[in-house]
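Welcome! Here is a guided walk through one protein chain, written for someone meeting it for the first time. Please keep the sequence and the 3D view open as you read.

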Amino acid sequence: EQHGYPKADLLVPLAFTVIIGTVAIQSAFARLLTKHLGVSEPEGGGFLFVGANAVARTLAEALQDLGIQVMLTDSSWDHVKTARLEGLPAYYGNVTSEHADWDLDLVGLDGLLALSPSAELNALASCKYAGEFGTNRVYMIQAEKEAENRHRTAATARVLFDREVTFSVLASHIGQGAIIRQTKLTENFDFEAYRARYHKRAIPLFLRLPDGELEVITTDRELTPKPGSTLLALVQPETEEETASTAESRTLP
């Protein structure tokens with residue numbers, strides 16, 4: 001303007017228009033572009049596991065089969081190695097350590113499942129990650145009954161599955177051949193029929209709602225699955241008596 005250039009007063013609004021325009025265009029198309037190039041971060045909904053033992057691996061594999069992201073952690077190299085050989089991502093180290101703060105990848109994870117045989121580790125991890133994921137998304141297995149309250153670390157977590165289901169209970173069932181089964185509930189085969197069919201052989205673990213959302217079964221909410229939901233439960237094999245009884249009932253007129 002001082003040198004008399006025509007329309008020089010338009011340079012300032014033009015500069016701001018370019019800046020605002022590039023920001024708007026980038027925000028509108030960057031997400032689509034990163035997805036097209038395959039470099040976008042995964043959505044949340046995944047789970048960080050405390051433990052890479054047989055119990056944790058069994059549950060993690062079931063969730064991974066549903067397309068849910070998982071990350072196992074353990075200080076036992078044998079557990080971590082086994083998990084990786086089974087196709088499960090695993091971090092070798094203590095989940096509450098400073099090393100984990102720097103090196104543990106939490107991208108795509110927004111929940112914690114504490115499934116270690118150590119009640120202390122489960123409680124510490126629950127307290128640590130409650131701030132990361134929120135107390136509503138932090139879960140831990142019930143401590144063993146023989147552990148006295150005076151020796152337990154206070155935890156901010158929701159108790160998994162059932163008050164009678166401890167780590168040793170899950171480990172025992174899996175060791176005896178129990179597997180995780182998916183059962184879709186219908187009007188003709190609702191939850192009451194499911195319980196009558198499996199009785200105490202099934203431990204409900206997760207519920208896949210009709211809209212695809214996964215609900216973790218906990219002790220603080222009554223389990224009332226609706227038709228159309230898919231129930232994931234750890235189911236023990238039938239005993240010989242149960243098999244014979246089922247076969248006999250099918251042959252009756």
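When residues are sorted by class, Ala, Val, Leu, Ile, Met, Phe, Trp, Tyr, Cys and Pro count as nonpolar, Asp, Glu, Lys and Arg as charged, and the others, Gly among them, as polar. By that sorting, the lining of the largest pocket has nine nonpolar, three polar and six charged residues.

Two notes on how to read what follows. This is a predicted model, in which local features need pLDDT of at least 70 and side-chain atom pairs count only at pLDDT 80 or more, while totals for chains, interfaces and linings use all residues. Residues are numbered from 1 along each chain as its sequence is written, and side-chain values use heavy atoms, with hydrogens and water left out.

**The chain as a whole**

The chain has eight helices and 10 strands; helices (H or I, at least four residues) and strands (E, at least two) are DSSP runs, numbered from the N terminus. Of the 253 residues in the chain, 37% are buried. Here buried means under 20% relative accessible area, exposed over 50%, and partly exposed in between (1.4 Å probe, protein chains only). A contact means heavy atoms within 4.5 Å. Among contacts between residues at least 6 apart in sequence, 61% join residues at least 24 apart.

**The nonpolar cores**

A nonpolar core is a set of buried Ala, Val, Leu, Ile, Met, Phe, Trp, Tyr and Cys residues joined through side-chain atoms within 4.5 Å. The largest one has 35 residues, and Phe 47, Phe 49, Leu 63, Leu 72, Leu 113 and Phe 206 have the most contacts inside it. Elements that each supply at least two residues of this core include strand 1 (46-50), strand 2 (70-74), helix 3 (77-85) and strand 10 (230-235). Helix 2 gives the largest share, six residues.

**Aromatic pairs**

Rings of Phe, Tyr and Trp (its six-membered ring) pair if their centres lie within 6.5 Å; planes under 30 degrees apart count as stacked, over 60 as edge-to-face and the rest as tilted. By this rule there are six aromatic pairs. Two of them are set out here.

| Pair | Centre to centre | Angle between planes | Type |
|---|---|---|---|
| Phe 161 and Phe 206 | 6.2 Å | 90° | edge-to-face |
| Phe 189 and Tyr 194 | 6.3 Å | 70° | edge-to-face |

Why does the pair of Phe 161 and Phe 206 tie together parts that are 45 residues apart in sequence? Phe 161 lies in the loop between strand 6 (158-159) and helix 6, whereas Phe 206 lies in strand 8, so the pair links those parts. Phe 161 is buried at 5% relative accessible area, and Phe 206 is buried at 0%. Phe 161 also has a phi near 65°, a positive value in a residue other than glycine.

In the other pair, Phe 189 is partly exposed, with a relative accessible area of 27%, whereas Tyr 194 is buried at 2%. Together with Phe 191, these two residues form one aromatic cluster.

**The pocket and the cavity**

On a 1 Å grid over the protein atoms alone, a cavity is a set of points where a 1.4 Å probe fits but cannot get out, and a pocket is an open set with protein on both sides within 12 Å along at least five of seven lines; lining residues have an atom within 4 Å of a point. Grid points are joined across faces, edges and corners, and a volume is the space filled by probe spheres set on the points.

The largest pocket has a volume of about 390 Å³. Its lining has 18 residues, and Asp 162, Phe 191, Ala 202, Pro 204 and Leu 223 lie nearest the centre. Helix 7 (191-198) and strand 8 (202-208) each supply at least two of the lining residues.

The structure holds one cavity of 30 Å³ or more. The largest cavity contains about 50 Å³ of space, and its lining is made of Glu 215, Val 216, Ile 217, Thr 218, Arg 221, Glu 222 and Leu 223.
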